[in-house]
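Here is a short briefing for a reader meeting this structure for the first time. Take a look at the model, then read the points below.

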Amino acid sequence: MKTIGQTIKSLWSLIVGLKITTVEFCKPQITVHFPRKEVTNLGSYRGHIDLVPLANDPQTPRCIMCGYCADTCPSGCISLKFHMVGEEVNPEQRRRLLLGLDVAVPRSGGKTPPPDKIERVLDGFHLNYNYCSLCGLCVQGCPVGSLAFSRDSYLVGRARQDFEFDLLARLKSRAGTNSGKAAA
Amino acid sequence: MIIELLATPLGHTVAALVAILAFLGLNGLVMVYMERKVCGFIQLRPGPFEVGPRGLLQPVADALKLVGKQLVTPLGADALLFWLAPFISFAPVAICFLPIPFGPIATGMEMNLGLLLILAFSGLNALSLVLAGWGSNNKYGLLGAARAVAQSVAYEVPLLLSVLAIAFQAGSLNLSTIVEGQKGILSWNLFVQPLAFVIYFISATAETNRAPFDLPEAESELTAGFHTEYSGMGFGIFFLAEYSYMIVVCAVATALFLGGYDGPFAPGIWWFLAKVFFLVLILMFFRWTFPRVRFDQLLNICWKWLIPLGLANLVATALVMKLVK
């Protein structure tokens with residue numbers, strides 16, 4: 001008797017399984033025919049990091065060159081290059097600037113740093129994406145919100161060098177194409 | 001002249017065989033496409049999509065690839081048996097189609113023992129699997145062949161029992177007569193003999209080596225089972241035979257249980273094909289729904305459940321038929 005009950009239960013489970021596949025069969029597809037269509041729901045997608053420009057100037061990043069991202073990256077993917085312009089650059093000030101003590105106010109939520117006589121100019125922001133583990137510490141920790149994940153889900157390359165980016169150049173070229181589009 | 005020739009029994013049979021072979025070739029393409037699309041849709045994928053409009057030419061491309069491949073005979077194989085096997089597998093299929101009534105007059109060959117003919121010739125398939133497994137000198141092939149024999153021998157019994165119940169009831173082994181006996185949906189044997197239908201369909205799934213009973217060619221265990229060593233069209237013919245046998249069992253199920261060509265509005269042949277392909281669709285759903293059974297489970301289902309139930313069903317049918325008459 002027990003066996004028969006169990007058999008009926010198992011048979012019912014087969015029908016339940018068939019019901020599930022039938023429902024799935026009738027659902028619309030969720031895959032996208034890639035070369036003709038691209039996915040759009042990339043809100044939470046983590047591509048490699050990208051620089052975020054100032055609101056009023058798409059050519060210039062919000063970056064204040066504090067070096068927090070380069071220091072905090074566990075894989076050492078990020079390296080910054082910048083130089084200083086200004087008259088009163090004495091060694092002591094230079095050191096403070098390099099440490100970012102005055103300028104980078106932690107958790108300032110992306111406020112512009114206090115005005116300074118010495119201006120720093122970003123020459124290059126290099127990302128070696130080969131070693132990036134997409135942990136997001138740089139994005140999370142950036143005091144001025146100058147880093148964000150890109151939404152480039154179709155990134156491909158044939159060599160290691162294809163994944164070494166100069167994010168500053170990327171930002172500039174992006175701004176160029178954007179303004180070109182706006183002009184057109 | 002040609003019409004006179006077709007009117008003779010021999011001419012009629014030859015014409016039917018040619019039509020059946022053409023149908024089988026086309027059917028192979030349709031079923032490959034159907035199977036891959038069903039699989040894709042169940043897994044929320046589009047299935048084949050790139051070759052031709054909506055991937056329609058994908059089976060043609062597959063067939064061309066198979067035809068173009070080199071035929072390799074493995075070292076130490078018995079070449080005669082090895083190459084005989086695919087043909088033994090495919091050749092009887094055409095004969096199995098002869099007694100099937102596709103429409104009121106669309107029967108290849110009217111015969112009294114049509115059902116018996118189908119059962120006898122489809123039994124040859126097991127032989128071809130054994131020859132393929134034995135001839136290819138491959139341990140996976142041999143294991144697949146051994147499984148195929150045990151499975152075919154076991155499942156032929158409940159298949160026969162369920163078919164016999166219908167034959168008792170109709171008093172005939174002629175498929176056309178059995179179909180004639182089912183007029184109107186309520187007199188379909190599916191509703192008169194539901195248990196026989198369930199037994200028949202499970203056994204038919206096992207007889208055609210379809211998942212979840214695809215042990216002779218279990219990919220994850222035996223590489224490809226009995227056809228591991230076949231390349232190109234050697235494999236292609238096995239594949240074609242498998243799909244053709246699916247059509248055979250579904251056509252017999254349609255004739256025995258679903259009223260054959262019985263249906264309103266459209267001509268009978270369309271109803272028959274629609275019912276056949278509906279059953280094929282169910283077989284495909286089985287494949288993509290159920291996991292493969294273990295070998296002991298396979299035999300347990302047969303010997304402990306299907307055969308006793310089939311016997312009980314047969315005895316009950318015989319009793320009722322005797323009492324009614």
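The points below cover confidence, the sheet, a helix and the contact between chains.

This is a predicted model. Chain A averages a pLDDT of 78. Its strands S2, S3 and S5 form an open sheet, and chain A also touches chain B.

**Confidence**
- In chain A, 78% of the residues score a pLDDT of at least 70.
- Residues 101-106 of chain A have a pLDDT below 50. Beyond near neighbours in sequence, this stretch still has 14 contacts in the model.
- Residues 180-184 of chain A also fall below 50. Here the count of contacts beyond near neighbours in sequence is 0.
- Where pLDDT is low, the predicted coordinates should not be read in detail.

**The sheet**
- The 3 strands of chain A run in the order S2-S3-S5, with antiparallel pairing.
- Strands S2 (78-85) and S5 (164-166) of chain A are the edges, and each pairs on one side only.
- On average, neighbouring strands of this sheet are turned by 15° against each other, direction ignored.
- S2(A) and S3(A), residues 119-128, are antiparallel and joined by 8 bridges.
- Leu80(A) has Phe125(A) in S3(A) as its bridge partner.

**Helix H1**
- H1 of chain A covers residues 2-26, which is 25 residues.
- From first C-alpha to last, H1(A) reaches 37 Å, close to the 36 Å expected at 1.5 Å a residue.
- H1(A) is hardly covered, with 2 buried residues among its 25.

**Contact between chains**
- Chain A gives 12 residues to the contact, and chain B gives 10.
- The chain A side that touches chain B has 4 nonpolar, 6 polar and 2 charged residues.

Methods: Residues are numbered from 1 along each chain as its sequence is written. Chains are lettered from A and ligands numbered from 1 in the order in which they are written. This is a predicted model: local features need pLDDT of at least 70, side-chain atom pairs count only at pLDDT 80 or more; totals for chains, interfaces and linings use all residues. Two strands pair if DSSP finds at least two bridges between them. Helices (H or I, at least four residues) and strands (E, at least two) are DSSP runs, numbered from the N terminus. Axes are lines fitted to C-alpha atoms, for helices over the stretch in contact, and angles run from 0 to 180 degrees between N-to-C directions. The expected span of a helix is 1.5 Å times one less than its number of residues. A residue is buried if 20 or more other C-beta atoms lie within 10 Å of its own, exposed if 12 or fewer, and partly exposed in between; C-beta atoms are placed from the backbone. Two residues are in contact if their C-beta atoms, placed from the backbone, lie within 7 Å. Ala, Val, Leu, Ile, Met, Phe, Trp, Tyr, Cys and Pro count as nonpolar, Asp, Glu, Lys and Arg as charged, and the others, Gly among them, as polar. pLDDT is the predictor's confidence in each residue, from 0 to 100.
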